[in-house]
Structures are given as C-alpha cells and as structure tokens.
Amino acid sequence: MVTYDLTKTPIVNVVDDIIANASKAGASDIHFDPREDFLMVRIRVDGDLQDYTTIPKIYERNLITRIKLIANMNITESRLPQDGSIKGTIKGINLETRVSTLPTNEGEKCVIRILDYTRSLEGIESLGFNDDNFKKLKKMIAEPNGIILITGATGSGKSTTVYSILQVLNKKETNIITVEDPIEMNLEGLNQVQVNSEIGLDFATVLRSILRQDPNVILIGEIRDSETAKIAVRASITGHLVLSTIHTNNSLSTIERLLDMNVERYLLSSALSGIISQKLAKMVCPHCHIKEETTPYQKKVFKMALGKDVNEIYNANPKGCDKCNNGYHGRIAIQEVLMINDEIRNALNEEDLEKEDLNRLVYTSDVITMLQDGLLKVLDGSTSFDEIYRIIDVDDDLDIYAKIRGITYDENKPVEEKKEETKVEEQKNDDDEVL
C-alpha cells in the first residue's frame, strides 16, 4: 500500500501519481471506491484487484473532481453516471484512458480503464493462437464476405483481437467502416463512427447508412439486439466481410444466442464464417515457476481432453518473486476457433436441431476447444491448471466429451466395455448363487 501525505502533496500530483504508477504496474483499471471513512483506491493487475492506497474522506470530493476535470466531465453533476476520457502525457507516460463515474450511497465511485494498444499493434501473430487456430483465422479473414464473431466476457481481450484483425485487413484498396460504442482505438485509414443513442444514432441506424457507403469490411462494435444481428447477417450475405463481438462463452452459445435473436436460420447458415471465442488466463512467471506431479483428476482431464498421459506440469509459485505477483505475470488468451463447415451449415437449417446434435457436430469437427487450447498452454508452461479450471467449466466440457465419444465420465472406459463388464459381473454373481 502506498501512503500519501495530503497535507503536503497537492491533489493534482496525487491523481497523476496514481494513474502513472498504475500504468507502470501494468494495471488495466483503477478503482476509486468510496467507503464510509475513506476512499479506497484499487488497481486491477492481471485480472485481480489489489489495494493501492486509501485517501481520507475529506479529500475524496477534491480527488474525484480533479479526475472529472481532466476527463472533460461535468464537475457539478454528481447524481448521474458520467463517461469521459483522458488522453495525454502524465509523468512522461503517453496514456489513453476511459473514465466512468457512478453515484453510490457513500459518494461517487470512479473507474479509469487504461487502454493498452501495444498488443493490438503487434499484430495477430502476437495473440497466442496455436498453429491450427491461426491457420483457420487467416483463412476466415481472407474470405471476401461472411460474418466473423469474436465472443467472450467483458475484459476478455475481444477488442484487442478485433483491432489486430482490422490491421491485417487495412489496405489502401479496401474501404473499412466501423460503428462502435465507444471508439476504443483510432486507426489510420479506417472510417470510424461513434454511436450516440441520445440523438437516435444507434447501431441499426448507422448500419443502414453504412451499406450505402460502398464498404468492403464492416466492424460492428457489439451485437446487442435482434435488429442489429439481422442487419449484420444480411450485410455479410450481400458481399461484405463483417466483424463483430458478442457476449457469450463459446461457439455453441453464440449460435444459440443468434437464433434466440430471431435471426433466420437460412441466413445464419449462409452468412456465418467463423466464431472466435476467448478468455484470459494469468501467465505463470517463468522466473519462479515450479514443476509438480499431476493429480489423478488432472491426469484424467488431460487424458479425456487431449488423449495424453501427463505426469508433470508447471505451476505458479505461491511465494512469487520480485518479477511477478504470487507466481503470475501477464495474461494469455485461451481461444476456440470454430470455422463453419458444410455439415454445420446444413444442420443450422434444421428447425428441430437439438443442442446435443449441435454439440456433437462441433466437438467432432476439427475445432480445438477452449479447454483443449488451455491444457496445451498448461503443457508448454504458459499458464497453470488452476487458472484453466478457474476460467473454464472443465467438468461440463468433460461431460460433453464423454457423451460424444461414448465413454463413462467417472472411469474413462468405453460404454460398450462397461456394458460387457457389467454382464460378466452379473454372470459371476449368478454362478456364485448356483454354487
């Protein structure tokens, strides 16, 4: 915890110091949480919030006002939520942030999102795709039309992936138009439109106009409603490559969500090119990681998901070192890339398609599921099994594998073998009774 002497240090310097230090620590967000007796400042590093400092209650309003000033927000309004941004150099660090305030019963809560574009600017090669997924991604974005969806929860790196793809597509002979809320990164050569719902400039309205602007590639910041989904799908059919994001956990739930949004099946099956689902896992520190023997449960997971016998894996050192936080440093994307094939297209046209049938089609295709990708990254020492278990519902995935492959989840034996064993056991019991 950092301590500030507010009697000697101006609020201006304190705010600059908090933002600069958070950026140096690799934080993605800074939280200013009002409490009854003080203002708690926390920073999110590698996905986890850490206490940074406390500010006495009497200085709370001054500090929040200072943040609002530099974020171009209304300092006289404290009863309504507000959004703003900070762009410029703070203590020699070139920063771009998004700022949000929210009135609470203890005062105004403020969150500063630090936008880090370094990974996006490095290109799609730096996003951690395994070789098979990378080939599928390049094939999808090479198509002249279709819709590619990037899915995941808030803060799962969707924007980084989207902007990395856009940089590949950004060529002088290509007209790229984006509609975003908000515009997170200004890219040279793109026509970027900021949504403004207050004046009726929503995603659907902008999309209708975009289609008259002769675009090659369209980016829709997020598919939030049925109307936007339908327009996006129709745009992809009429010869445009459409990129968008949607808040779902994996490929299967993405397809279900689009169908729930009343997108016509025949349009979806024709338009959908692929789905990239991702989550972020903390990376094991390479300087202090430890090697451990796998537990029986871990062995079973590796065997069922990858078909491999794994006896040792790297794990985070809970003691950590001076280069990490409790054994972790940085984050890596765990991805699932589903490229829609003819079999899945045909299935999507069937009105009576059951979820289990769709599961079988996806999991028996050449897709590398998120669980498999995560386990492969455990094997190469990038992350830990505990992290994969934290972000992925491992047991649910194993249950699906068991049903599709005809193996029992508990004993990892083929169902037919299990039936045969049961018959032998029953016969043995009958013989014993006769004797």
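Student: What volume does the second largest pocket have?

Tutor: In this predicted model, the second largest pocket has a volume of about 380 Å³.

Student: Which residues lie nearest the centre of the second largest pocket?

Tutor: Of the 16 residues that line this pocket, Asn-250, Asp-393, Asp-396, Asp-397 and Ile-400 lie nearest its centre. Two or more lining residues come from each of helix H8 (251–260), helix H12 (355–363) and helix H15 (394–405).

Student: How do the residues of that lining divide into nonpolar, polar and charged?

Tutor: Five are nonpolar, four are polar and seven are charged. Asp counts as charged and Ile as nonpolar.

Student: Why is Asp-17 called buried?

Tutor: A residue is buried when its relative accessible area is under 20%. Asp-17 has a relative accessibility of 15%, and therefore it counts as buried. Asp-17 is part of helix H1 (residues 11–24).

Student: Which residues does Asp-17 touch, not counting residues up to four places away in sequence?

Tutor: Asp-17 touches Tyr-4, Tyr-52 and Lys-91. A contact requires heavy atoms within 4.5 Å. Asp-17 and Lys-91 are 74 residues apart in sequence, while their C-alpha atoms are 7.6 Å apart in space.

Student: What makes Asn-317 count as buried?

Tutor: The cut-off is again under 20%. Asn-317 has 17% relative accessibility, so it counts as buried. Asn-317 is placed in the loop between strand S14 (312–315) and strand S15 (328–339).

Student: Which residues does Asn-317 touch, not counting residues up to four places away in sequence?

Tutor: With that exclusion, Asn-317 is in contact with Cys-288, Ile-290, Asn-326 and Gly-327.

Methods. Residues numbered from 1 in each chain as written. Predicted model: local features only at pLDDT ≥ 70, side-chain atom pairs only at ≥ 80, totals over all residues. Heavy atoms only, no water. 1 Å grid on protein atoms, 1.4 Å probe; cavity = no way out; pocket = protein on both sides within 12 Å on 5 of 7 lines; lining within 4 Å. Points joined across faces, edges and corners; volume = space filled by probe spheres on them. Helix = DSSP H or I, 4+ residues; strand = E, 2+ residues; numbered from the N terminus. Buried < 20%, exposed > 50% of the residue type's maximum accessible area, 1.4 Å probe, protein only.
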